[in-house]
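Visitor: I would like to go through this model with you, one point at a time. Please show it first.

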Amino acid sequence: MTKFFPEVLGPVPFEGPSSDNPLAFRYYDAKRKVRGRTMESQLKFSVAYWHSLRGTGADPFGGPVYDRPWCRGGDPMEDAERTLDAAFELLTKLGVKRYCFHDRDLAPEGATIEESNRNLDHMVQRAAALQRHSGVKLLWGTANLFSHPRYTHGAATNPDPLVFAHAAAQVRRALDATVALGGTGYVFWGGREGYSSLLNTDMDQERRQLAALLRMTVEYGRQVGFTGAFFIEPKPMEPSTHQYDFDAATTLGFLREFELLDDFSLNIEANHATLAGHSFQHELAVAAGASKLGSLDINRGDPTLGWDTDQFPLDLHAATMAMLVVLGQGGLKHGGLNFDAKLRRGSSDTVDLFHAHIGGMDTFARALLVADAMLKDGVLKRPLKRRYAAYGRGMGKEILQGQASLPELEQWAQDMGEPQVRSGRQEALENVVNDYIYSSKIR
Ligand code: XUL
Ligand code: CO
């Protein structure tokens, strides 16, 4: 097991906050119990196959940089097999128990649908054996419906039904692979399900096509015994100028409109939230508020750049806010925390994959501890409860119960006179959050 990452000899150890070992965890202690469950099962970290195994460092201005020993550019199936071995070595050494993939990350597309299916089946069999041997599980699978030239004008939302059929074929097999590997989720990210110009786009028609693919996938999934969750991952743009699953609220509205809400929940990604002009916390709260927060793609953008930089998450404040939402809803049933994050182009060594994941895992482990302490102490909940207390009695209660009318409220307002402006204490609450984040008591 030292084939591809010889610089890391064994599993990355937990050494605590005072460690100066760059290849050790300071906060992520897999077996430590938080709220009665291990950190491992609270966080359910996952490695993203596309970035960490398939990533080359290429960007719109330059080609591949990384020289990966598992990717030799010869026979694509031999590369795929080596890549899978590298994936399990990385997962095992990191102590990450889950991974996520697109069909085309795992196995190369063939010249025909039949050949593509054969390639995928072969790799799924190998992955199943490695999963059994290592105890690693599949968090979620998905189909890549955006890279191939046939998807230039969309997959399900393409004006050509033959493209829709190719997408359907891919989704079927990706879902089969997910079932075969015991995945607890299946993701739809609509990369090209959107448009670049309304001059040539029938938006209403395209949205109905998208709903049709989702509906038939749910039907098929239940037939083949998929017991996991279907997730939609909102993103406002990139690669499309406008994507239909713009953000959590838009996606929930879409699911409601097409009567798909019972069958889907959301996979919220940090950098997609910021591209939509929201914070990660906002998107998570919108999803959780509708009882539809399924899973998280953890990463971050660069505030000075307006595109999806997919950097590893290191912002403890943002991570703490995220974990407050996750713990607040009692955790994630079918989902987890997937590192949809890539190394910078200049981070070209394989050991950089360890530094990146270790930093992200420690950040979220610490965020989990901080959020847990804040929830236990009720430091945000109590003031929030007080702020809305008047809606729990009298006229406030009647408003919420639909028992108040406009004339009644006019009379009440007249009788009561001018309301008082009460401070929201924002700065004081921000200080409370900082106190917990920087507290030396949380270790
Ligand atoms: C793209 C993105 C995808 C999805 C899976 O921005 O986030 O990698 O997570 O298709
Ligand atoms: Co993502």
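Visitor: What is the geometry at the site of the cobalt ion (ligand 2)?

Guide: This is a predicted model, and the answer holds for that model. Ideal angles for six octahedral donors are 90 or 180 degrees. Here the cobalt ion (ligand 2) has 6 donor atoms with angles of 81 to 173° among them, and its site is octahedral.

Visitor: Which residues coordinate the cobalt ion (ligand 2), and at what distances?

Guide: In sequence the donor residues follow the spacing E-x35-E-x27-D-x42-D. One pair links distant parts of the chain, with E269 in strand 10 and D297 in strand 11, 28 residues apart. The coordinating residues are E233 (OE), E269 (OE), D297 (OD) and D340 (OD), at 1.9 to 2.1 Å.

Visitor: Is E269 buried or exposed?

Guide: Buried means under 20% relative accessible area. E269 has 2% relative accessibility, so E269 counts as buried.

Visitor: How much of the accessible area of ligand 1 does the protein cover?

Guide: The residues around ligand 1 include W50, H102, W140, W189 and K235. Polar side-chain atoms lie 2.7 Å from an oxygen atom of ligand 1 in the case of E269, and 3.0 Å from one in the case of D297. Of the 300 Å² of accessible area that ligand 1 has on its own, the protein covers 93%.

Visitor: Where is the peptide bond from E238 to P239, and is it cis or trans?

Guide: P239 is placed in the loop between strand 8 (229-232) and strand 9 (242-243). E238 lies in that loop too, and has a positive phi near 65°. Most peptide bonds are trans. The bond from E238 to P239 has omega near 10° and is cis.

Visitor: What is the phi of D310?

Guide: D310 is found in the loop between strand 11 and helix 11 (316-328). With a relative accessible area of 6%, D310 is buried. Most residues other than glycine have a negative phi. D310 has a positive value, near 50°.

Technical notes
Residues numbered from 1 in each chain as written. Chains lettered and ligands numbered in written order. Predicted model: local features only at pLDDT ≥ 70, side-chain atom pairs only at ≥ 80, totals over all residues. Heavy atoms only, no water. Donors = N, O, S within 2.8 Å, 3.2 Å for Na, K, Ca; no water. Tetrahedral: all angles 85-135°; square planar, octahedral: opposite > 155°, others 65-115°. Helix = DSSP H or I, 4+ residues; strand = E, 2+ residues; numbered from the N terminus. Buried < 20%, exposed > 50% of the residue type's maximum accessible area, 1.4 Å probe, protein only. Near = heavy atom within 4 Å. Polar contact = N/O pair within 3.5 Å; in protein donor to acceptor, adjacent residues only side chain to side chain. Areas by Shrake-Rupley, 256 points an atom, 1.4 Å probe, with all protein chains shown as cover.
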